[in-house]
Amino acid sequence: MEKVIDITVAPERINDYGYIKKIALEKAGLPNGRIKILKRSVDARHKPVYRIKAAIYTGKLPEPEPPAVFKNTEDAKPVFIAGAGPAGLFAALQLLILGVKPVIFERGKDVDSRKKDIKDLELSNSLKADSNYCFGEGGAGAFSDGKLYTRAVKRGSPRQVLDLLVKHGASPEILIDSRPHIGSDALPEVIKSIRKTIIGHGGEINFNSYISSLTVKEEKLVSVTINEKEKIPCSALILATGHSAASTYRMLHNQGITLESKPFAVGVRVEHRQQVIDSIQYGSSPRPEGLPPASYVLKSSFKGRGVYSFCMCPGGMIIPSSTSERELVLNGMSPSGRNLPFANAAIVTQVSAEDFGNGVFAGLEFREKLESDAFNITESLTAPAQRLADFVNGKKSETLPESSYPPGITSFPLAELFPGYVTQALIKGFKDFSSKMKGFLTQEAVLLAPETRTSSPVRIPRNKTTLMHPVAEGLFPCGEGAGYSGGILSSALDGIKCALAAQAFIQ
Ligand SMILES: Cc1cc2nc3c(=O)[nH]c(=O)nc-3n(C[C@H](O)[C@H](O)[C@H](O)COP(=O)(O)OP(=O)(O)OC[C@H]3O[C@@H](n4cnc5c(N)ncnc54)[C@H](O)[C@@H]3O)c2cc1C
């Protein structure tokens, strides 16, 4: 027999399995049984508690779901994949399950070599165009907070992705946490384990391999060119190159592959001391034992324009995620323990063709201008910054608080960087947020700019059923760069979906 119940557990007892079992059985009115925790979340609305959904079994335990079985694909038909981000890697895993050989071309380096390039970037401003926070094995998600939630459940089964991550070394806690995350220190090991599975089952991963052009004849994909040199016949390509791949968008456009402009969002990274966020959310600092560093999700609007928090990183740091020389792009990440002293989040507002005009690349050019204007302020990766209350009150900051951002910050009135409607929307948002989180709008918090890569400014169209591009049979636009996902989990789900479509096509 199985009974599902909801219980509440005090934070300090969250790791006490015996206690949780006892109160679960009491609540179910059962003298004994085995319990399995299905979901776990923090409820900080009153006195912070954990809410747990648990299944109680009095008889035989149900059989576990059979694990994914990867076939040996050494001699199988290939499907090519451009990009080894979450979309590309999960497309490859799904192809192995289907018995199709994944052949990945990734412009960047393996995840360990990337670590060194990222250190150089942070310490000496030296950016490598093919190896940075966005490009290389693991894609943009490799050195991130590794948050793993999505509202896009229609795209497939998030559980399938979580199971595959656990199979490759992620903590099983991601299966029960309502807001799971892996962390920038743990992600590279998971990515290397995925690589091992792909290669071990006959797949290929080619690093330093940039898809520089495609050949389409009579509306059919016939070949891809690698690094402007090697032309390889190809009838099926999952194009999962991410939303930082500006040169890839331009290459597609020049080759007659139609693209569309789409709305996206821009703004700032706000950074507080983690203890400020803990104290606002939990009512005490230091936070009560057993509770994770607090996070937040905020939203508001200004004249029909959404303003919201995005990619909040508790106990994390702000990082430079530029991909080209002379551009400044910020993002955030946290280690698995979320144990750094700062909490940061993007606070962004929507921008659309009404703001940047029509034209396929109008949004991309708007993004590029903002990123290069920000770089030009200091001619370096040092970020323009302003105290939060000064920004809201229109005052230049005379001094700045400490920040986690490794290349450093410099005082700059951020209203001079953004169009007026972005500044006004952000100010309205911050005022609204402060009424939801008392103490959020403070001089002690600092804004760094710009945050520009929340989602893609371009969509690569695809047929709803076949998932192929309308004028290039065999080309499967995939993941965040094609405009079909946002974040690690939804990109992985889209990769799986494209793999299924590609297998149906090549059969
Ligand atoms: C610092 C940071 C932190 C983040 N934190 C989170 C988080 O906590 N949770 C979350 O859900 N999301 C997070 N994101 C966003 C998330 O990483 C992306 O949504 C996700 O990685 C998109 O997956 P993708 O596979 O579609 O593209 P990407 O991950 O961008 O991967 C694309 C890959 O394609 C390669 N490529 C590009 N052009 C070519 C070409 N022409 N030929 C060959 N290869 C090419 C690139 O090198 C790259 O490796 C974060 C992003 C960053 C940068």
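**Close-up views of a predicted model**

Lys303 is exposed (over 50% relative accessible area, with a 1.4 Å probe and protein chains only), at a relative accessible area of 75%. This is a predicted model in which local features need pLDDT of at least 70 and side-chain atom pairs count only at pLDDT 80 or more, while totals for chains, interfaces and linings use all residues. Residues are numbered from 1 along each chain as its sequence is written, and side-chain values use heavy atoms, leaving out hydrogens and water.

View 1. Most residues other than glycine have a negative phi. Strands here are DSSP runs of E, at least two residues long, numbered from the N terminus.

**View 2. Thr215 in strand β7 (residues 211-217)**. Thr215 has a relative accessible area of 17%, so it counts as buried (under 20%). Leaving aside residues up to four places away in sequence, Thr215 touches Lys220, Leu221, Val222, Ser223 and Lys231; contact means heavy atoms within 4.5 Å.

**View 3. Two cis peptide bonds, Ser285 to Pro286 and Ala449 to Pro450.** Most peptide bonds are trans. For Ser285 to Pro286, omega is near 0 degrees; for Ala449 to Pro450, omega is about 0 degrees. Pro450 can be found in strand β19 (residues 446-451).

Definitions and conventions:
Helices (H or I, at least four residues) and strands (E, at least two) are DSSP runs, numbered from the N terminus.
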